[in-house]
Amino acid sequence: MERNNMIEVFKTDVRDAENAKLLVDRIHRQFDSYRCNFDLADCDNILRVLCTRDTVEAAEIIEFLRSHGFTAEVLPDEL
């Protein structure tokens, strides 16, 4: 049975590519089943996090960014 990967999308206050790259590298090291990227061209400075094994723990990502001096909040799904 094939398992679906889960993606969570966050609004952040990360504004520059240097901080985004640093955070992506650190997220990948700390959360080995997460793959993520920033879309800083989006007005919400989007962080997308994909979990290859289970579900994305949003609270962990929010706390992780907070511990690095940034804020994040889950963007609600819109249809």
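Residues are numbered from 1 along each chain as its sequence is written. In this predicted model, local features need pLDDT of at least 70 and side-chain atom pairs count only at pLDDT 80 or more, whereas totals for chains, interfaces and linings use all residues, and side-chain values use heavy atoms, with hydrogens and water left out.

**View A. An open sheet of 4 strands in the order β2-β3-β1-β4.** The pairing in this sheet is antiparallel, where strands (E, at least two residues) and helices (H or I, at least four) are DSSP runs numbered from the N terminus, and two strands pair if DSSP finds at least two bridges between them. The edge strands, each pairing on one side only, are β2 (34-39) and β4 (72-74). From one strand to the next, the twist averages 30°.

**View B. Strand β1 alongside strand β3.** Residues 6-12 form β1 and residues 46-51 form β3, and 5 bridges join these antiparallel strands. Phe10 stands opposite Leu47 of β3, while Val9 has Arg48 in β3 as its bridge partner.

**View C. The hairpin of β2 and β3.** These strands pair in the antiparallel sense over 6 bridges, and Tyr34 has Cys51 in β3 as its bridge partner. The hairpin has 6 residues between its strands, and Asn45, in the turn, has a positive phi of about 45°.

**View D. Helix α2 on the sheet.** Helix α2 (residues 58-67) lies across β1, β2, β3 and β4, and runs at about 165° to β4. Such angles run from 0 to 180 degrees between N-to-C directions, and axes are lines fitted to C-alpha atoms, for helices over the stretch in contact.

**View E. The crossing of α1 and α2.** Two packed helices are described by the angle between their axes and the distance between the axes. Here the axes of α1 and α2 come within 12 Å and cross at roughly 130°. The two helices are therefore oblique to each other, given that angles under 35 degrees count as roughly parallel, over 145 as roughly antiparallel, 65 to 115 as roughly perpendicular and the rest as oblique. Leu23, Arg26, Ile27 and Gln30 of α1 make the contact with Ile61, Phe64 and Leu65 of α2, contact meaning heavy atoms within 4.5 Å. By class, this contact has 5 nonpolar, 1 polar and 1 charged residues, with Ala, Val, Leu, Ile, Met, Phe, Trp, Tyr, Cys and Pro counted as nonpolar, Asp, Glu, Lys and Arg as charged, and the others, Gly among them, as polar.
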